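Reader: I'm new to this one and I'd like to know what the labels rest on. Could you show it to me and then take my questions?

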Amino acid sequence: MKHRDRMQPEGVGEAKKKSHKHLQYLLDGHEQILLHIKELNHWWSELDERGLPKYGEMGTRVEGLRDLLSKHFHDEEQEGYFKPLMDESPGFCIMVPDFQKKHKEFLMRLDDFGARLKQSEPPFQNWNEALQELQRLLAELRVHENEEIQHVREAFEKAAPDQSK
């Protein structure tokens with residue numbers, strides 16, 4: 001695979017290396033978020049098995065996820081998955097969806113959920129109702145993040161010339 005860089009004009013291989021490094025940084029952010037969600041689910045399940053709801057602590061843990069997502073979303077919006085492609089092909093930006101609005105809405109919903117968990121009298125019928133709301137939020141987050149990853153793959157496939165010919 002290294003031989004491809006030698007066949008390209010000087011600087012192109014370096015741009016691709018930067019692009020891959022940049023993408024790896026954002027994908028590492030995804031991994032960090034997934035790990036946090038896994039730990040959140042594990043903690044919640046343990047409390048559920050013991051019948052020990054801890055709404056306030058759960059609110060704090062949801063805030064931790066929110067902070068992690070906020071940083072990740074900010075990184076996406078500032079540099080974006082597509083920045084290296086747009087630097088090489090400025091016309092490409094027409095294909096890039098605007099996820100900023102979705103990010104803001106999702107963070108607001110997490111803020112609201114976390115605040116309700118931390119109320120002295122949480123407005124949930126029971127622990128399971130709060131869990132179901134969290135699971136819905138996490139399912140929507142997975143769909144959103146998968147959409148972004150799919151757009152990145154499609155973008156790079158369209159932008160990268162087919163080297164197999």
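Reader: What makes Ile-33 count as buried?

Author: Its relative accessible area is 3%, and buried means under 20%, exposed over 50% and partly exposed in between, with a 1.4 Å probe and protein chains only. So Ile-33 is called buried. Before we go on: this is a predicted model, where local features need pLDDT of at least 70, side-chain atom pairs count only at pLDDT 80 or more, and totals for chains, interfaces and linings use all residues. Residues are numbered from 1 along each chain as its sequence is written, and side-chain values use heavy atoms, with hydrogens and water left out.

Reader: Where does Ile-33 sit, and which residues does Ile-33 touch?

Author: Ile-33 is in helix H2; helices here are DSSP runs of H or I with at least four residues, strands are E runs of at least two, and both are numbered from the N terminus. Contact means heavy atoms within 4.5 Å. Leaving out residues up to four places away in sequence, Ile-33 touches Leu-65, Leu-68, Leu-69, His-72 and Leu-141. The C-alpha atoms of Ile-33 and Leu-69 are 7.0 Å apart, though 36 residues separate them along the chain.

Reader: How do you know that the length of H3 agrees with what a helix should span?

Author: The expected span is 1.5 Å times one less than the number of residues. H3 has 24 residues (55-78), so it should span 34 Å, and its end C-alpha atoms are 34 Å apart, which agrees.

Reader: Why is His-72 called buried, and what does its side chain make a polar contact with?

Author: His-72, in helix H3, has 5% relative accessibility, so it counts as buried. Its side chain makes a polar contact with the side chain of Glu-145 at 3.3 Å. That term asks for a pair of N or O atoms within 3.5 Å; within protein, one must be able to donate a hydrogen and the other to accept it, and residues adjacent in sequence count only if both atoms are side-chain atoms. Arg-66, also placed in helix H3, has a side-chain polar contact too: with the side chain of Asp-111, at 2.5 Å.

Reader: What makes a set of residues a nonpolar core, and which members touch the most others in the largest one?

Author: The members are buried Ala, Val, Leu, Ile, Met, Phe, Trp, Tyr and Cys residues, joined through side-chain atoms within 4.5 Å. The largest core has 26 residues, and Met-58, Leu-69, Leu-117 and Leu-134 touch the most other members. H2 (12-50), H3, H5 (100-117) and H6 (127-159) each supply at least two residues of this core.

Reader: How many aromatic pairs are there, and why is the one between Trp-44 and Trp-127 called stacked?

Author: The count is four. Rings of Phe, Tyr and Trp (its six-membered ring) pair if their centres lie within 6.5 Å; planes under 30 degrees apart count as stacked, over 60 as edge-to-face and the rest as tilted. Trp-44 and Trp-127 are 4.3 Å centre to centre with 20 degrees between the planes, hence stacked. This pair links helix H2 to helix H6, 83 residues apart.

Reader: Why is the pair of Phe-113 and Phe-124 edge-to-face?

Author: Their ring centres are 5.9 Å apart and the planes are at 75 degrees, so the pair is edge-to-face. Phe-113 lies in helix H5 and Phe-124 in the loop between H5 and H6, so parts 11 residues apart in sequence are tied together. Both Phe-113 and Phe-124 are buried.
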